[in-house]
Amino acid sequence: MRAPVELLAACCGYRDGQAMQLRTSPIVNVALRPGEEVLFMSLPAVPANAGMVDRFDAVREQIKVRACYCSIFEECWTVEGLQAKPQPIKACPTNWTVWRQR
């Protein structure tokens, strides 16, 4: 998926132009300190999101998240799904779909 609205349309009944409340944070070109986290998408339980939140919760564990990140020392890792341990990789793949905040 290229954007949060694509995910919500595919899983949760979102229709283009529909009013909703969605929070996103940038995840590209972001530097984090050890132990820091980024919440890249949040769908709060508010009246505008009625129904979508329940549908999202129902499919949450079926959604596969894949990420690649690098340290300031140019060491890179990938993490996928519920994988507990990041896997070292030479460089982040350039052909992955970039998640856009829209």
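Guide: Strands (E, at least two residues) and helices (H or I, at least four) are DSSP runs, numbered from the N terminus. In this predicted model, local features need pLDDT of at least 70 and side-chain atom pairs pLDDT 80 or more, whereas totals for chains, interfaces and linings use all residues. Residues are numbered from 1 along each chain as its sequence is written, and side-chain values use heavy atoms, without hydrogens and water.

The chain contains 2 helices and 5 strands, in the order α-β-β-α-β-β-β from the N terminus. Along the principal axes, its C-alpha atoms fill a box of roughly 45 × 25 × 25 Å.

The largest pocket has a volume of about 2200 Å³. (A pocket is an open set of points on a 1 Å grid over the protein atoms alone, where a 1.4 Å probe fits, with protein on both sides within 12 Å along at least five of seven lines; lining residues have an atom within 4 Å of a point. Points are joined across faces, edges and corners, and the volume is the space filled by probe spheres set on them.) Its lining comprises 47 residues, of which Ile27, Phe40, Val65, Arg66 and Ala67 are the closest to the centre. Strand 3 (66-70) provides the largest share of this lining, 5 residues; strand 2 (41-42) and strand 4 (76-80) are also among the elements that each supply at least two. By class, the lining has 31 nonpolar, 8 polar and 8 charged residues (Ala, Val, Leu, Ile, Met, Phe, Trp, Tyr, Cys and Pro are nonpolar, Asp, Glu, Lys and Arg charged, the others polar).

The loop between strand 3 and strand 4 holds Glu74, which has a positive phi of about 65° although it is not a glycine. Most residues other than glycine have a negative phi. Glu74 is exposed, with a relative accessible area of 70% (exposed means over 50%, buried under 20%, partly exposed in between, with a 1.4 Å probe and protein chains only). In the loop between strand 1 (23-24) and strand 2 lies Ala31, likewise exposed at 72% relative accessibility. Its C-alpha is 19 Å from that of Thr94, 63 residues away in sequence.

Buried residues account for 18% of the 102 in the chain. Asn49, in the loop between strand 2 and helix 2 (52-59), is buried at 0% relative accessible area. Beyond four places in sequence, Asn49 touches Met20, Gln21, Leu43 and Pro44 (contact means heavy atoms within 4.5 Å). Tyr14, in the loop between helix 1 and strand 1, is buried as well, at 13%. With the same exclusion of residues up to four places away, Tyr14 touches Val5, Leu8, Ala9, Met20 and Met52. Tyr14 and Gly51 are 37 residues apart in sequence, yet their C-alpha atoms are 9.6 Å apart.

Helix 1 (residues 4-12) and helix 2 pack at an angle of about 85°, with their axes 9 Å apart (axes are lines fitted to C-alpha atoms over the stretch in contact, and angles run from 0 to 180 degrees between N-to-C directions). Helix 1 is therefore roughly perpendicular to helix 2, a label for angles of 65 to 115 degrees. Leu7, Leu8, Cys11 and Cys12 of helix 1 meet Met52, Arg55, Phe56 and Val59 of helix 2. These contact residues divide into 7 nonpolar, no polar and 1 charged.

Across the chain, among contacts between residues at least 6 apart in sequence, 42% join residues at least 24 apart.

Notes:
Angles under 35 degrees count as roughly parallel, over 145 as roughly antiparallel, 65 to 115 as roughly perpendicular and the rest as oblique.
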